[in-house]
Amino acid sequence: MLRTLWVWIGIPLIMIGIAAAIVIYSVNNPPDSIVARMLTYERVFRVIREHMGLLLVSMTGATIVGVAGGIMLSRPSLYRIGRVMETIVNIGQTVPSLAVLALFYTILGLGFRVAVFALFLYSILPILRNTFAGIDGVEHSIIEAARGMGMRPLRILTRIELPIAFPIIVAGLRTAIVINVGAATLATFIGGGGLGDLIVTGLSVHRDMIIVNGAVIAAITAILLDYLIGKAEERVVRWS
Amino acid sequence: MIKLEGLTKVFKGHNIPAVKDLNLEVNEGDVCVLVGPSGCGKTTTMKMINRLYEPTGGKIYIRGEDALQMDPIKLRLDIGYVIQEIGLFPHMTIYENIATVPNEKQWPKDQVKEKVDNVMSLVGLDPEIFKNRYPSALSGGQRQRVGVARAMVSDPPIMLMDEPFGAVDPITRARLQNEFLRIQERVDKTIVFVTHDIDEAIKMSDTIAVMREGELVQHATPSDLLSAPADEFVSNLVGRNRSIKRLHLIRVSEILEEVDRAPALKEDTKEEEVKKRLDESDIRTVIVVDRDNKLKGVIGVNDLKRKTGEVAGDYFQEVSDTVTDDATLNDALSVMLEIGEGYVAVVNEDEKYQGTITLGDLLNVVREDS
Amino acid sequence: MDQLLGMAFDAFRAAGNGIESIAQAGDRGIIAHTIDYISRRSDLILELMLEHLWLVILTLIIAVTISVTIGIIISYYESLAQTVLGICQVLMVIPSMAMLAFMVPLFGIGFTTGVVALVLYSLLPVVRNTYTGIRELDPAIVEAAKGMGMTERRILFKIKIPLARPVIMAGVRTAAVMMIGIAAIAAYVGAGGLGELIFSGISRGHQPMIIAGAIGVSIIAIAFDYLLYYGEKRFSVEGSTREGN
Ligand SMILES: Nc1ncnc2c1ncn2[C@@H]1O[C@H](COP(=O)(O)OP(=O)(O)OP(=O)(O)O)[C@@H](O)[C@H]1O
Ligand SMILES: [Mg+2]
């Protein structure tokens, strides 16, 4: 019980506390007027809000589309297309995130919405691939046993295939989140805002304090999310 | 009960049919064992019966009804299926695995629980120990038994069992086979059973269907198969020592009636009597039982010489193994070889003494038949 | 929540606009412009490409040396392994922009910053794969080698590393592809390479430049992925590739 509390609340709070401490210290002790002007609570909150907006919207969309798409492609009627998609997705994942954002900028222009859309599409890939691969990887004999016992296809999907594929789907989600959090810091280059804003501002005015603030919050967000999903992963899978 | 007419399956992209024009009828309450070399179409035949595979041609009748016209889901819910690869669900506990079909049929919870505990004990898995384990924590043989329990939990009138005891050790296997036969005597399910073990086939079956390259070579009772194999293929399959294989066919209880051996001695029998009976005995040994006719032990000539008391109850030797009356003669032979004696005592389920059979008795059986 | 839904809605409307813009872009002949740009500035692009490759290959060599060493060491000290792998995991999870930003106060703007950040990033895949590659060897093989009187040193170099090589190579491949992408971002802190085209293209609104940079980086990444994939296959013992992750 105490351990659970520590794992789920204690450690996350410590991480958030570190970030908060750095921000509070920096805002209250600006070394010069430039930092004082550019590093305010208001600004920090704004970029955090933007950042979370980028993550939440793109990840929610990507999860829905990725999982649904993966399930659909794993159905026997679309399975062949699924295998082709797998190859395309693998190549797509090799394309660096900066290149993806840049290309979307050339097509759609600047802005938050463009950044969200690019992140959304980019994050679909690992989720789609892992959902497909996870379901595809369920041993044929297990499906056949289920069919042989008179289970209907939909029941087999929900009671057998998805639960068995679940750890792999979650691993895909985890990959997507890590990639997404990383790419979200690049959104600033195409006018998408977020924590990258602070870093880029800091770099352009040569103020390490602003850079470090942006970097620390971004890093802690990423580490925290990865940590939480990792812990959830451990809890969920009791078998094997 | 199950009738296959001209059943044929050609897999997509294959030229040769996996099953070709198969005609087979299994009567209600019978066990039909399919045997034949690997790849001869046994599994394919089974999967057509529960319509996991759609036949390319031919008919399947179940209780006179055309199975190909029935709703496959309904059909399968009433056919217990033990898949060759076992196919346990790795993310479910043993309990959940076995409860699958009852849950699909939405039985009440406590009835499911009772039934699951029941079948688990039946296949020799202690529910308290195994219920909450996951399949990954079981040995191959244990998993296979879960597979059997899962198929029979809802008491389906028909069972398809694809090598259900393949991964079980010989001792447990013999136990499961006997258990299976005992249950079968009571419930009379119609069963199609695949095995590679010809001894198992002879022991378990009412009829044996020998297949080869997708075709039925011979369908006969085990005894007919042994005495009149259709061709060389079949006689090679059943092996050289066919007379010994007959021992699988006969239960101990059947010959006990014929062999007329003197009754066992009570514990309070005096030396005189023991000596007399020892002299008369063809195996130079007498059996000692208690007042309730429970087996106590045996007395041989040497035991009498070195006797340590007045009555038989004081100096008998315990026996290391016995057979039950529903065991086959082959089981009896194994026990004799194991304990290194020319006889074995037979007891019933309540350990009451039923009689003794000897190597000589077995020899007579083999001789009579051939 | 309303705000989020609003954002989501906006984003998908943007997608709609995007399809229009592609059509418009086609009108303006952006593809033709890009081809034109590439042919005009092929020398510059080539130079940046070589710079990019140099950065990646140099860091890859450094990173693989360090990571394989760490991986081997922790394969002997189980208690150390989880901690080290945990640290590597954290390093890789840190957004690349943040990592580069951390390096700037320490190493200033330039090539060094890029190299250090890239090395830190590539630790996890190679360390982890070296570790698991060695740990997951059939213990019977190592036992047999010991039984034949081989020293631990010889077992490491003659048995463990060669057998774990396919798994290690898979890690190197992951690391390399990742590095190519991050190297592009590192251009922002002065590490050079094709990223420069993307960044100056964005700041000048010069679309052909951006496309040339983005496509160039992608091609390098895909090419590396394929080359190393075949490398993996060649290295694998008797054609048996084991994936380790
Ligand atoms: N799903 C399938 N698709 C294509 N061919 C198949 C399929 N299942 C079986 N076959 C082929 O059909 C033939 C019969 O296979 P089947 O599985 O029925 O053999 P079996 O008698 O059960 O063998 P075993 O004793 O090895 O289990 C084999 O040649 C096999 O390769
Ligand atoms: Mg088979």
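In this predicted model, C:Ser75 counts as buried, at 6% relative accessibility. The residue sits in helix H3 of chain C, which spans residues 42–76. Beyond its neighbours within four places in sequence, C:Ser75 is in contact with C:Tyr131, C:Ile134 and C:Arg135. C:Val217 is 142 residues from C:Ser75 in sequence. In space, the C-alpha atoms of C:Ser75 and C:Val217 are 35 Å apart.

B:Thr328 has a relative accessible area of 1%, so it is buried, the limit being under 20%. Its place is in the loop between strand E14 (323–324) and helix H16 (329–339) of chain B. Neighbours within four places in sequence were again left aside. B:Thr328 is then in contact with B:Lys203, B:Leu247, B:His248, B:Ile250, B:Arg251 and B:Val252.

Chain B also supplies protein donors to the magnesium ion (ligand 2). These donors are OG1 of B:Thr43 and OE1 of B:Gln84. They lie 1.8 to 2.3 Å from the ion. B:Thr43 belongs to helix H1 (residues 42–49) of chain B, while B:Gln84 lies in the loop between strand E6 (79–82) and helix H3 (94–98) of chain B, so the pair ties together parts that are 41 residues apart in sequence. B:Gln84 counts as partly exposed, because its relative accessibility of 33% falls between the limits of 20% and 50%.

Contacts between chains were considered next. In chain B, 25 residues are in contact with 19 residues of chain A. The area buried between the two chains is about 2100 Å². Carbon and sulfur atoms give 64% of that area. Three residues, B:Ile73, B:His91 and B:Glu104, supply 27% of the area that chain B buries against chain A.

The structure holds four cavities of 30 Å³ or more. The largest cavity contains about 160 Å³ of space. It is lined by 16 residues, and the closest to its centre are B:Val148, B:Met152, B:Met161, B:Phe180 and B:Ile183. Three elements of chain B each supply at least two lining residues: helix H7 (140–152), strand E7 (158–162) and helix H8 (170–187). H8(B) gives the most, with six residues. By class, the lining has 12 nonpolar residues, one polar residue and three charged residues.

Note on methods: Residues are numbered from 1 along each chain as its sequence is written. Chains are lettered from A and ligands numbered from 1 in the order in which they are written. This is a predicted model: local features need pLDDT of at least 70, side-chain atom pairs count only at pLDDT 80 or more; totals for chains, interfaces and linings use all residues. Side-chain values use heavy atoms; hydrogens and water are left out. On a 1 Å grid over the protein atoms alone, a cavity is a set of points where a 1.4 Å probe fits but cannot get out, and a pocket is an open set with protein on both sides within 12 Å along at least five of seven lines; lining residues have an atom within 4 Å of a point. Grid points are joined across faces, edges and corners, and a volume is the space filled by probe spheres set on the points. Helices (H or I, at least four residues) and strands (E, at least two) are DSSP runs, numbered from the N terminus. Ala, Val, Leu, Ile, Met, Phe, Trp, Tyr, Cys and Pro count as nonpolar, Asp, Glu, Lys and Arg as charged, and the others, Gly among them, as polar. Donors are N, O and S atoms within 2.8 Å of the metal (3.2 Å for Na, K and Ca); water is not among the atoms, so sites may look incomplete. Buried means under 20% relative accessible area, exposed over 50%, partly exposed in between (1.4 Å probe, protein chains only). Contact means heavy atoms within 4.5 Å. Buried area is the accessible area (1.4 Å probe) that two parts lose on being put together, summed over both.
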